[in-house]
Amino acid sequence: SDLYRIDAWGGPYFTVNSSGNVAVRPHGRATLPHQEIDLLKIVKKVSDPKPDCGLGLQLPLIVRLPDVLKNRLESLQGAFDLAIRSHDYGSHYQGVYPVKCNQDRFVVEDIVKFGSPFRFGLEAGSKPELLLAMSCLCKGNPDALLICNGFKDLEYISLALFARKLALNTVIVLEQEEELDLVVDLSQKLGVRPVIGVRAKLKTKHSGHFGSTSGEKGKFGLTTTQILRVVKKLDKLGMLDCFQLLHFHIGSQIPSTALLADGVSEAAQIYCELVRLGAHMKVIDIGGGLGIDYDGSKSSNSDISVSYSLEEYASAVVQAVRNVCERRSVKHPVICSESGRALVSHHSVLIFEAVSSSACDDAPPMSPYELQYFIEGLTEEARADYLNLSAAAIRGEYEACLTYADVLKQRCVEQFKEGSVGIEQLATVDGLCDMVSKAIGAFDPVRTYHVNLSVFTSIPDFWGIGQMFPIVPIHRLDQRPAMRGVLSDLTCDSDGKIDKFIGGESSLPLHELEGNGGNNGGGQKYYLGMFLGGAYQEALGGVHNLFAGPSIVRVSQSDGPHSFAVTRAVPGPSCGDVLRVMQHEPELMFETLKHRAEECGQGDDGGMASAAVATSLVQSFHNMPYLVTGSSCSMSAM
Ligand code: PLP
């Protein structure tokens, strides 16, 4: 299990239990051993098709773990509370969750519920996000902040002002200077006193992949000149008391606390200047950026790692704000952060199945008779290449063997293209070259494991920005993997593969499939988990190749006979569901196909019977899982 460094990236939530399976510690390290949840048991329970045993859900499967979410939120709050106490800070921390990281209703509702004792709020960046945040916060702490970011039109601002009328603690954060006129006009029309914030474009720049939002040329926010114009305008209107919050966002995955402290200090200076200019400042909102150590390397030179802990992050922020405010004799503001990735990444695991693997050494050894036949069929030049190859092999010149094998192969490929070599000869040359490579240890034993999902739908950041996530078999970790593999999804797209893994590896240690995986029946199924993907992945994925999202279950720790309880289960979409996404009408399609089946059946004896089979097949496609199911299962369904 050390092979996958689970303790490094998965602690304190993921570990390997005595059965060799990945287990979840829903309350972090404090979880008692009998409360650990075995992921394989969840998969077996929810995928079992027998109604009295399981739920018959198809994979891939997202397992949501609300206990982990609660622990993350409490750990973040605890880290800031500790920093505030130890630096003798004169105000409090009050975070918000940026719903864009995962807008799932139950994730947002859980955060509002778990965060209620801490006045934890929400951040929205679009009209639908604002609507869902408004409705969720109606059940939350009345002091929780509702931060309205993003580009805003008239309707967005009207909604945000309406939220203030509903007594939600709403702040409209200006991302563009022009938004101010809309806010002023509408607030006067609606008779609402707005609370206004400004997003500052800081000079501090984060140089990693996620830093393109930061620096003077960043996409979002107001420059110092624009901020000054906002102050003047509000002053003129007698509305400077409405200006209460300063926001900035350096970018996601801030690599080090040094960079963080630099950005926070710059923003704290702007905050103090705004106080000096008469704004009624109350909150400094440091945006997102609290990073996740996806590979467990604790490195500040990588987009997928960070060199600090939650406590070190909080301490750097509190210290930086305090230092500036003390120097400027400014009252310490409430510190707000918009941590998304750090809050939700751990709470869900994507589980999928390897349905087959392509064997690379399938070719059986050649008999002397076959070899003779092969040599006789070669052209004169190719035969000379072959003789060079065997002479080098006899002399033990391995490098030369590889070179001659390559020359022979190239020549045969050329001759195949010209039509002078047949397909059997070509296959024999391929087998011969593999045999040579294998014999001298240059053979690349990496296999392709076909996994039952779409990379585009379920791990879009891997495809889009090359982001890596820990991927690990969730069982058999007490057995040493005998193979290495890359993962190929089931879409008809060559980009749909995973061939880069954490630790810079181009393949993953994997176990041999038993009976070549579940799809060919017989053997034990082989399940893999993708971890730390709870942020961003679910909303980004599309329906490329009409492969849609996974089934989702919500699993809580339970002290009953099992260590867990499935508190919610949503099956993945059917073929009918995904077709509807692209405007097809499955009911009409069914009628068309049924009609055709009846027409084709007329006149031949078995016609009516085949029409009936076709009809029932087509009828079932409404509910047919859109992904590959195990053969025994799909056959019996037909
Ligand atoms: N706030 C704003 C304005 C953002 O743009 C983002 C994401 O990029 C976040 C918060 C969340 O950032 P993170 O997921 O790094 O915490």
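Me: Which other strands pair with S13?

Reply: Strand S4 (residues 61-64) pairs with S13 over 4 antiparallel bridges, Leu61 having Ile351 of S13 as its bridge partner. Strand S19 (residues 526-530) is also antiparallel to S13, over 5 bridges, and Leu350 stands opposite Met530 there.

Me: Why is strand S13 (residues 348-358) described as largely enclosed by the rest of the structure?

Reply: Of its 11 residues, 10 are buried, and therefore S13 is largely enclosed. A residue is buried if 20 or more other C-beta atoms lie within 10 Å of its own, exposed if 12 or fewer, and partly exposed in between, with C-beta atoms placed from the backbone.

Me: Why does Lys100 count as buried?

Reply: Lys100 has 20 C-beta neighbours inside 10 Å, so it counts as buried. Lys100 sits in the loop between strand S5 (96-98) and helix H4 (105-115). Leaving aside neighbours within four places in sequence, Lys100 is in contact (C-beta atoms, placed from the backbone, within 7 Å) with Gly125, Glu129 and Gly340. An unreviewed UniProt entry lists Lys100 as "modified residue: N6-(pyridoxal phosphate)lysine"; such annotations may be inferred rather than shown by experiment.

Me: Why does Cys492 count as exposed?

Reply: Cys492 has 8 C-beta neighbours inside 10 Å, so it counts as exposed. Its place is the loop between strand S16 (483-488) and strand S17 (497-498), and the unreviewed UniProt entry annotates Cys492 as "active site".

Me: What covers the buried residues of H4?

Reply: The cover includes helix H3 (66-86), S5, strand S6 (121-124), helix H5 (127-137) and helix H11 (341-344). Among the buried residues of H4 are Val107, Asp110 and Gly115.

Me: Which residues come nearest to the ligand?

Reply: They are Ser252, Gly288, Glu338, Gly340 and Arg341, out of 15 residues around the ligand. A residue is near a molecule or strand if its C-beta atom, placed from the backbone, lies within 6 Å of it. The shell has 5 nonpolar, 8 polar and 2 charged residues, where Ala, Val, Leu, Ile, Met, Phe, Trp, Tyr, Cys and Pro count as nonpolar, Asp, Glu, Lys and Arg as charged, and the others, Gly among them, as polar.

Me: How confident is the predictor in the protein chain?

Reply: The mean pLDDT (the predictor's confidence in each residue, from 0 to 100) is 89, and 91% of residues reach 70 or more. Over residues 517-521 the pLDDT is below 50, and this stretch has 23 contacts beyond near neighbours in sequence. Where pLDDT is low, the predicted coordinates should not be read in detail. For the complex, the predictor gives an ipTM of 0.99 and a pTM of 0.87.

Methods: Residues numbered from 1 in each chain as written. Predicted model: local features only at pLDDT ≥ 70, side-chain atom pairs only at ≥ 80, totals over all residues. Contact = placed C-beta atoms within 7 Å. Helix = DSSP H or I, 4+ residues; strand = E, 2+ residues; numbered from the N terminus. Pairing = 2+ DSSP bridges.
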